[in-house]
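Me: I'm new to this one, so could you walk me through the ligand and what is around it?

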Amino acid sequence: MTDYRNLIGGKLVPAADGRTLDSVNPATGEVWARIPASAKPDADAAVQAARKAFPAWSAMPALGRAHFLRKVAEVFAAHADELARLETRDNGRILRDTLRKDLPGMTYLWQLAAGQVLDAVKGDTVILGPDAMGFTRREPYGVAVCIIPWNSPISTFSAKAAYALAAGNTVIVKPAEQASASVLRLGELLADVFPPGVLNIVSGLGEEVGDALVRHSGVNKISLTGSTETGLAITRVAGIKPMTFELGGKSPNIVFPDADLDKAAEGVTVNSVFTGNAGQVCVAGSRILIHRSVWDEMLARITAVSEGIILSDPLDMNTTMGPIVSAGQYERVKSFLEIAEKEGAERVFGGATGAEVVPSMPGGYWVAPTLYATTDNALRICQEEIFGPVAVAIPFETDDEALAISNDSAYGLAAGLWTRDLGRAHRFVRDLQSGTVWVNTFRQMPPGLPFGGVKDSGYGHDAVLEYTREKAAIIQT
Ligand code: NAD
């Protein structure tokens, strides 16, 4: 059993009242660690520490801050194996992804953020006349609270904290209660890297410590990656604080008959909704739109590709799909399997859960890749985010129909299309109501391009300028 602690004011501390939450390995169902169940006193202490650290951190020349960010990149590189295994154990994200993609990617992201510190102090100059000029001054907000979900804790931690710190804010990170271990371990590794209070990490329940943080009058900026419901809950209590919201999705992935169907079959399954985090991916292409002329052929190809998915111990490098993160999320995904059957959707394959899927790990939260088919985009399984390896295939006849079905969603996070027609690609890029559009690829999120949503999928991007505000100055001589 491992006990983790919060990082507040440079010190590793338990929750003020000593309470803890269990952390469960979702592949076995066993408790393996305890994390602080923090509450309002811990939130208050973290805000106080972050406020105290803000004047010196924000006054530091930007290149000085870059020096600290590069040190974080070194910590990621030196502890990549440990952190990847920890995260896989804690949330079930397969080691193939945490070790090969996430950790190298995060080393690079912190280096990139170090290279972007000057953007946070650049402004505009406007000559207003022979003896007057205006200019803008970019300033950090102050204390930034970064709330992250459980599906990729290290990556989401980095995407927020690196840019918020680069811009000169002090930061409080609130990891998700289902999977906080890798972020709390990072707190141990980074405790001596930053001056005390510059980076703070506080774990616990969203409705407890999360709520206390977002309400706090000493907090100046909020960035949430999570569900639309949580985004709404925060707007109700946080007052007029600037917010970045990266929320849920129900992304369409559209296959046209002129596409390379081999690539499309991979692109709508293993690169989209079935592997990665067992479909617990905000951008999962959970609605697969298929042109009627290739409907049967695509369903056969999708079935064949999906049969090759290896569900097993996520720590095994041969495994290509892991479990659902928690008992609560497992129940939610299973309830959608029932909803799909009740709604009359046709099951193309899948539907198995638990020990039936991975007999060698009977306590794990397993759901087999599952595909339903329907012509009715109004069904709940087409409109609601399931956040698991459950997709629905929907046929279409014309481009207009594909567009209408795609945009008939409260969400607008991402979309994919598979076509060789460049004109069609440009039209869809223009007309899809979506934060990102991928053409002949899916789930590529390179740093340097913005990532965010429209409609109920949120607004704003985790990038360095998002963590600054502009002040205008006019000087008359
Ligand atoms: P969630 O909204 O339940 O929790 C996210 C975080 O918010 C957790 O740390 C939680 O403790 C905290 N939280 C919950 N209630 C809160 C409150 N009232 N005040 C303050 N904080 C609160 O989401 P989840 O179940 O952890 O993650 C899944 C969701 O996240 C899905 O909807 C998914 O699409 C979304 N997501 C989005 C992106 C993206 O970049 N758009 C990436 C990953 C996940």
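Me: Which residues are the closest to the ligand, out of those that surround it?
Reply: First, this is a predicted model, where local features need pLDDT of at least 70, side-chain atom pairs count only at pLDDT 80 or more, and totals for chains, interfaces and linings use all residues. Residues are numbered from 1 along each chain as its sequence is written, and side-chain values use heavy atoms, with hydrogens and water left out. Going by heavy atoms within 4 Å, 26 residues surround the ligand. The closest are K174, E177, S227, T230 and E385.

Me: Which helix gives the most to that shell?
Reply: Helices here are DSSP runs (H or I, at least four residues), and strands are E runs of at least two, numbered from the N terminus. α7 (206–215), β11 (221–225) and α8 (228–237) each supply at least two shell residues. With three residues, the top giver is α7.

Me: How far is the ligand's nitrogen atom from a polar backbone atom of L247?
Reply: Polar contacts here are pairs of N or O atoms within 3.5 Å. On the oxygen side, a polar side-chain atom of W150 lies 2.9 Å from a ligand oxygen, and a polar backbone atom of G206 is 3.3 Å from a ligand oxygen. For the nitrogen atom and L247, it's 2.8 Å.

Me: Where does the ligand lie relative to domain 1 and domain 2?
Reply: The domain bounds come from an automatic or database assignment. Domain 1 (2–247 + 457–476) and domain 2 (252–448) both give residues to the shell, so the ligand lies between them.

Notes. Polar contact = N/O pair within 3.5 Å; in protein donor to acceptor, adjacent residues only side chain to side chain.
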